[in-house]
Structures are given as C-alpha cells and as structure tokens.
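Trainee: Please take me through this model one step at a time. I would like to learn how each answer is reached.

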Amino acid sequence: WESASVLLTTEKPDAMLRGVFNKIAPYLRLDAFLNYVVDESGEGLRLESWTGIREPEALEVRRLAFGENVCGQVAIERRPIAASDIQSSTDESLAFARRLGFRAYVCCPLLAERRLLGTLAFATRSKSSFDTDEVEFLDTMCRYVTAAYERMHLIRQLRETDNKKDEFLATLAHELRNPLAP
C-alpha cells in the first residue's frame, strides 16, 4: 500500500523508483535495483536509474543491446527472469551480477500493452534465491511502475497541450485586439 502511494504521488521517475525500492527493500532483503529504458533508437536499453551499485559500475552497463545480460534477455523475451545462486553460476549473462556480489536477481519487463518501455531488475547479496511469491510480487510491482510511467507520460502530454492552447488563445486575443492593417 505504501508503495502504491509513492507510485501515485511522485512525478519524477527516479524519485518514484527510489521511493518504491525503499518501501519494499527491507521486506525482500533487496540491495539494488537497475531500471533500463528503451533507447532513442529503439534497438537497445539505456540505464535510467539505479541504486545499490557504484557510479563506475553503472557506467559499465549504461547501454545494453537486446539480448545482452539478463535485462537484455528480458527485453527480448518480455517475461520476468529470476536468477538464483549467481555466485556459483557459470552463465555468462550473469557475469556482471556475479562481479557485483549479487546472489539472486529478478528482472521484469515494463510493458505498456505490447510496447516495451524498459526493464526493472532487483538484486540481493544476502540470500541465494527469491521464492515464487517474491518473484510474482516484484513482477506485480513492475506492472504498477509501468502504469505510473504511463500516468506521468499522459500528465506531461496534457500539460504540453494545455500550454499550446494557452499560447494559441493569447495569440488570438492579441490579433483580435490589434487587427492586421488592410
């Protein structure tokens, strides 16, 4: 419930994600999140927001191709992927997570209808896996985050439209007061 209130009241994506993370992290023993958005070209992912890793590490993965690492795989498959026992895994897609000391990782797609907005991943260094209920909960949170992103986008569009309307009315009022010379 507290997470939902953050989603409904915050207008900046980074602040929203940090607020949600701070609400759920203690319950799920989360240490980090990484939020990727589809880049301008539509052919890869760009790291938009994160916590729990240092800036130099974030810069290493600031751009991912679709299919690269777990988040890139999620972008292609458009379904959540959970990784367990990462420190003993030899899966190459988990190399970055392994190097950061993560033991378990869940990444979910951010889908608005069928359109991919990005991915949101959660990681822990303190337990070796997330149970099924936790993965479902994180997936549900990602669906709520997607809805919040869409809400923010619509609010931004409404404000832009309202500003254009105001500009048009101001121009019209000026022209009606000062008609053009014949």
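Trainee: In which helix is leucine 176 found?
Mentor: Helices are DSSP runs of H or I with at least four residues, strands are runs of E with at least two, and both are numbered from the N terminus. The run that holds leucine 176 is helix α6.

Trainee: What kind of model is this?
Mentor: Residues are numbered from 1 along each chain as its sequence is written, and side-chain values use heavy atoms, with hydrogens and water left out. Local features need a pLDDT of at least 70, side-chain atom pairs count only at pLDDT 80 or more, and totals for chains, interfaces and linings use all residues, these being the rules for a predicted model.

Trainee: Is leucine 176 buried or exposed?
Mentor: A residue is buried when its relative accessible area is under 20%, exposed when it is over 50%, and partly exposed in between, using a 1.4 Å probe and the protein chains only. Leucine 176 has a relative accessible area of 66%, so this residue counts as exposed.

Trainee: How much accessible area does the nonpolar patch have together?
Mentor: A patch is made of residues with over 30% relative accessible area and no salt bridge, where like charges are joined within 9 Å and nonpolar side chains (Val, Leu, Ile, Met, Phe, Trp, Tyr) within 5 Å. The areas come from the Shrake-Rupley method with a 1.4 Å probe, and for residues only the protein chains shown count as cover. Phe168, Leu169, Leu172 and Leu176 form this patch on the surface, and together their accessible area is about 420 Å².

Trainee: What is the volume of the largest pocket?
Mentor: On a 1 Å grid over the protein atoms alone, a cavity is a set of points where a 1.4 Å probe fits but cannot get out, while a pocket is an open set with protein on both sides within 12 Å along at least five of seven lines, and lining residues have an atom within 4 Å of a point. The points are joined across faces, edges and corners, and a volume is the space filled by probe spheres set on them. For the largest pocket this gives about 320 Å³. Its lining has 14 residues, with Val37, Leu117, Tyr149, His153 and Arg156 closest to the centre, and the volume asked for is about 320 Å³.

Trainee: Which element gives the largest share of that pocket's lining?
Mentor: At least two lining residues each come from β1 (32–38), β2 (44–51), β6 (115–124) and α6 (132–177). The largest share, five residues, comes from α6.

Trainee: How many charged residues are in the lining of the largest pocket?
Mentor: Ala, Val, Leu, Ile, Met, Phe, Trp, Tyr, Cys and Pro count as nonpolar, Asp, Glu, Lys and Arg as charged, and the others, Gly among them, as polar. The lining has six nonpolar residues and one polar residue, and the charged ones number seven.

Trainee: How many charged residues line the largest cavity?
Mentor: This cavity has a volume of about 120 Å³, and Asn69, Val70, Phe96, Ala97 and Tyr105 lie nearest its centre among 14 lining residues. That lining divides into twelve nonpolar and two polar residues, and of charged residues there are none.

Trainee: Which element gives the most to the lining of the second largest cavity?
Mentor: The second largest cavity has a volume of about 40 Å³, and its lining has eight nonpolar residues, with no polar and no charged ones. At least two of the lining residues come from each of α2 (13–28), β6 and α6. With three residues, the element that gives the most is α2.

Trainee: How far apart are the closest N and O atoms of glutamate 60 and arginine 99?
Mentor: A salt bridge is a side-chain nitrogen of Lys or Arg within 4 Å of a carboxyl oxygen of Asp or Glu, and the whole structure has seven of them. In the one between glutamate 60 and arginine 99, the distance is 2.3 Å.

Trainee: How many residues apart are glutamate 60 and arginine 99?
Mentor: Glutamate 60 is in helix α3 (residues 55–60) and arginine 99 is in helix α5, so that the pair links distant parts of the chain. Their separation in residues is 39.

Trainee: Is lysine 127 buried or exposed?
Mentor: Lysine 127 meets glutamate 134 in a salt bridge (2.8 Å, N to O). The relative accessible area of lysine 127 is 12%, so this residue is buried.
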